[in-house]
Amino acid sequence: MLKGQIYAECRMRGMDLTDGTIPVAIDPLTMGKALLDLMEIEGCWMIPVGGSFSPERNKDSYRNRRAEMYGDLAAAMDPQFTNEPWAYDWDCVSDDGIAHGDLMWEELRALEKIYMPDGRRYQLNSKRKVDSLRKANNQDGRDSVEEKIGRSPDRADALAMLHEA
């Protein structure tokens with residue numbers, strides 16, 4: 001079902017994922033390894049990006065891939081960055097009348113760096129409230145993104161994954 005929705009959404013925008021020219025970043029832990037494998041078999045260019053995976057480029061600064069993706073995105077969004085690596089309609093409006101750009105910025109601002117005991121590496125506050133996970137990741141007293149803004153940071157995650165792809 002989800003695969004059909006993805007393909008239908010892309011067809012509406014004139015994109016054919018099965019020709020292998022458009023990268024699709026997907027979290028195999030969230031969306032499922034089976035979906036990733038199936039779409040690869042059908043010719044899609046799939047990029048597995050697991051937020052809980054180990055960082056790929058900078059193990060000295062980041063605790064996990066999620067922090068690394070957002071760190072790279074923040075560096076790309078720096079005012080000194082002159083190339084625009086993504087095209088996004090910042091003025092489009094959601095069903096509730098709020099501009100998607102406003103929702104995305106709210107999600108991006110809800111992220112917090114949480115430094116590890118070594119004082120060098122960091123991770124981000126969790127997306128959802130999970131007390132046992134919070135304690136395991138030294139996040140006692142930190143609000144999850146969902147607690148701060150009342151929803152999951154889907155738009156910000158999509159942007160970070162798009163930038164990664």
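Predicted model: local features only at pLDDT ≥ 70, side-chain atom pairs only at ≥ 80, totals over all residues.
Residues are numbered from 1 along each chain as its sequence is written, and side-chain values use heavy atoms, with hydrogens and water left out. Local features need pLDDT of at least 70, and side-chain atom pairs count only at pLDDT 80 or more, whereas totals for chains, interfaces and linings use all residues.

Strand β1 covers residues 23-26. Helices (H or I, at least four residues) and strands (E, at least two) are DSSP runs, numbered from the N terminus. In a regular strand the side chains alternate between the two faces of the sheet. In β1, V24 and I26 form the covered face, while P23 and A25 form the uncovered one. The partner of β1 is strand β2 (residues 45-48), and the two run in the parallel sense over 4 bridges; two strands count as paired if DSSP finds at least two bridges between them. Within this pairing, I26 stands opposite P48 of β2.

D27 is buried, at 13% relative accessibility; buried means under 20% relative accessible area, exposed over 50%, and partly exposed in between (1.4 Å probe, protein chains only). Not counting residues up to four places away in sequence, D27 touches G32, V49, G50, G51 and M161, where contact means heavy atoms within 4.5 Å.

Charged side chains provide a second view of the model. Side chains of opposite charge can pair when their charged atoms come close. Here a salt bridge is a side-chain nitrogen of Lys or Arg within 4 Å of a carboxyl oxygen of Asp or Glu, and the whole structure holds 14 of them. One of these joins E164 and R57, with an N to O distance of 3.1 Å. Because E164 lies in helix α7 (residues 154-164) and R57 in the loop between β2 and α3 (65-76), this pair ties together parts that are 107 residues apart in sequence. E164 is buried, with a relative accessible area of 18%, whereas R57 is partly exposed at 47%.

The side chains of D60 and R120 meet in another salt bridge (3.7 Å, N to O). This pair links distant parts of the chain, 60 residues apart: D60 is in the loop between β2 and α3, and R120 is in the loop between β3 (113-115) and β4 (122-124). D60 counts as exposed at 53% relative accessibility, and R120 as partly exposed at 48%.

A further salt bridge brings together E107 and R155 at 3.4 Å, N to O. E107 is buried, with 0% relative accessibility, while R155 is partly exposed, with a relative accessible area of 25%. Salt bridges that share partners also join E56, R57, R65, E68, D72 and E164 into one network.

The loop between β2 and α3 also holds S61, which is partly exposed at 24% relative accessibility. Apart from its neighbours within four places in sequence, S61 is in contact with R120, R121 and Y122. S61 and Y115 are 54 residues apart in sequence, and their C-alpha atoms are 9.4 Å apart in space.

The model also contains open space. A pocket is, on a 1 Å grid over the protein atoms alone, an open set of points where a 1.4 Å probe fits, with protein on both sides within 12 Å along at least five of seven lines; its lining residues have an atom within 4 Å of a point. The second largest pocket has a volume of about 220 Å³. Its lining has 13 residues, of which Y70, A74, L108, L111 and L124 are the closest to its centre. The elements α3, α4 and β4 each supply at least two lining residues, and α3 gives the largest share, 5 residues. By class, the lining has 10 nonpolar, 1 polar and 2 charged residues. Ala, Val, Leu, Ile, Met, Phe, Trp, Tyr, Cys and Pro count as nonpolar, Asp, Glu, Lys and Arg as charged, and the others, Gly among them, as polar.

Y70 of this lining is also touched by D157, which touches K127 as well, not counting residues up to four places away in sequence. D157 lies in helix α7 and is buried at 11% relative accessibility.

Definitions and conventions:
Points joined across faces, edges and corners; volume = space filled by probe spheres on them.
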